[in-house]
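Please read its points in order.

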Amino acid sequence: QLDVKEISRLSELHPKPSHLRYQYGTSGFRTLGTVLDSVLFRVGILASLRSKKLDGKTIGVMVTASHNPEEDNGVKLVDPRGEMLEASWEIHASVLANASTTSDLIEAIETLVRIAKIDLSKPARVVYGRDTRPSGPFLVASLRDGLAAIKAEPRDAGVVTTPILHYLVRAINTKGTKDAYGDDSEDGYFDKLSGAFKKLVAGKPTPPPLIVDCANGVGAGSISKISPRLDGQLKLLPQNTATSTPGALNNACGADYVKTTQKLPPSLANHLKANQRGCSFDGDADRLMYFYIDERNQFRMLDGDKIAALVAGFIVDLVKNAGLESELKVGIVQTAYANGSSTKYLAERLPVRCVPTGVKHLHHAAERFDIGVYFEANGHGTVLFSSGTQETLASHEPTTPAQSTALNHLSNLTQLINQTVGDALSDMLLVEVVLAHRSYSGFEWDSLYVDLPNRLVKVVVEDRHAFQTEDAERQLVSPKGLQGKIDDLVRRYDGGRSFVRPSGTEDVVRVYAEAAIKSQADELAFRVAGLVY
Ligand code: NG1
Ligand code: ZN
């Protein structure tokens, strides 16, 4: 039932460059926007087949390269519950993307249909969106050809943030069921978040206006759409909103700039006053970094670990106050990049799990808790409430007014938090809720624990695949003998910790080190890098 003639005709319009190999990695396909035409066409085919495989459930496709430079672009698929594509299909994605010719592609498609037992008579439905990159419209046109080749029913979500696309996928697929996630529109998303936020901060004093660095990306639109819905309970001051200025996206601004340089984006220097808070989104608004200027005019960064500590502490207290301590197990998931001080702070309060880098690992580990909080140090994260937890929250009978209040807050948090994926906007509102409840300024939040000085360096090596790890990437098993040498070095540093792993997104090996003082963290990182090189 495949229309081979039509697939072939369209495929000829999107030939694969013969010298390139593509890989569906931790963040989908990602490379220069100019070489993604054939990939987008084939992703259109793959998404349609995935939808047929799942009985016509809607699959999402997001065209973005997140925090990467403007000339890059990328694409990833979203599964029906708004989560990332199931791992076994990542391989199918790479196989289709690398078929050399149209006839190889047809063969690959036929093989996939056979081995995945896809019933071609089922409908195919795909919703897609893109960020503000200039290469977006062209790539979306290639994607549409791929959808047309399989006669999928397309839905264009337009220019949206990554988390909105994930939200839409889940909302579309749960519509009319008992798990309905919200109205399947952008308005539905903004109404859901703002409605829950207003309930959670009702009666609290209005905080000082919050500066939001939109990275000159798609998050700028989210700020302008949510602002009027907040009824003055939080005033947002968007900066870096130049979405159509060539070269501006993620340039010297945004969450990745803040995390990697540990500096205030220069464009914000005149806007942020002493003791004022600000935050940065990344280019597709799924990462969030906070910061403030302290009394001595120093820039202070509040990263994903600090967000996790703030949020997890709050949720643990609410669960206790609601009288649900024995019923709901709250846990936190981190990666090896989490600052050692944050791990120590959290481990004193709740179970902490460490998993390999990559959102899918964090997400899946968080699902094992009744309430699972996960954040990467770079600001990507969210909170998951299991379906059992949501039922408990709905049915539990509070015995005191205090229990009733805490229970209400927990229920509203399930609405405020985007449970499909990290979401800068939702996470920002969540942080503001906790700060309002705790009466914290940036300073008090920052004081929960003191970050250990740390250093991350990249090492270009001949073959990064020679570096293999275990124990959630904290130990090298190959090259043989290297871990022993690292351990010997680490022992010589007070508060020392270091690990080495191959990047999943760049052709480099990353070295992370922390120590009690900054110069020692730097030295340890460079000495370990010296061992790797
Ligand atoms: P790699 O390149 O595998 O280290 C990077 C980030 C991850 C994650 C992915 C994107 C660091 C050290 N690593 O992964 O946290 O965001 O990109 O999916 O920041
Ligand atoms: Zn992103």
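Which residues come nearest to ligand 1?

1. Of the 13 residues around ligand 1, the nearest are Thr26, Ser27, Ser503, Gly504 and Thr505; a residue is near a molecule if its C-beta atom, placed from the backbone, lies within 6 Å of it. The shell holds one nonpolar, nine polar and three charged residues. Here Ala, Val, Leu, Ile, Met, Phe, Trp, Tyr, Cys and Pro count as nonpolar, Asp, Glu, Lys and Arg as charged, and the others, Gly among them, as polar.

2. This is a predicted model, in which local features need pLDDT of at least 70, side-chain atom pairs count only at pLDDT 80 or more, and totals for chains, interfaces and linings use all residues. Residues are numbered from 1 along each chain as its sequence is written, while chains are lettered from A and ligands numbered from 1 in the order in which they are written.

3. Helices H17 (residues 482-490) and H18 (residues 518-532) have axes that come within 10 Å and cross at roughly 160°. Helices are DSSP runs of H or I with at least four residues, numbered from the N terminus; axes are lines fitted to C-alpha atoms over the stretch in contact, with angles from 0 to 180 degrees between N-to-C directions. H17 is therefore roughly antiparallel to H18, a term for angles over 145 degrees.

4. In this contact, Leu482, Lys485, Ile486, Leu489 and Val490 of H17 meet Leu524, Arg527, Val528 and Leu531 of H18, contact being C-beta atoms, placed from the backbone, within 7 Å. Seven of the contact residues are nonpolar, none is polar and two are charged.

Note on methods. Helix = DSSP H or I, 4+ residues; strand = E, 2+ residues; numbered from the N terminus. Parallel < 35°, antiparallel > 145°, perpendicular 65-115°, else oblique. Contact = placed C-beta atoms within 7 Å.
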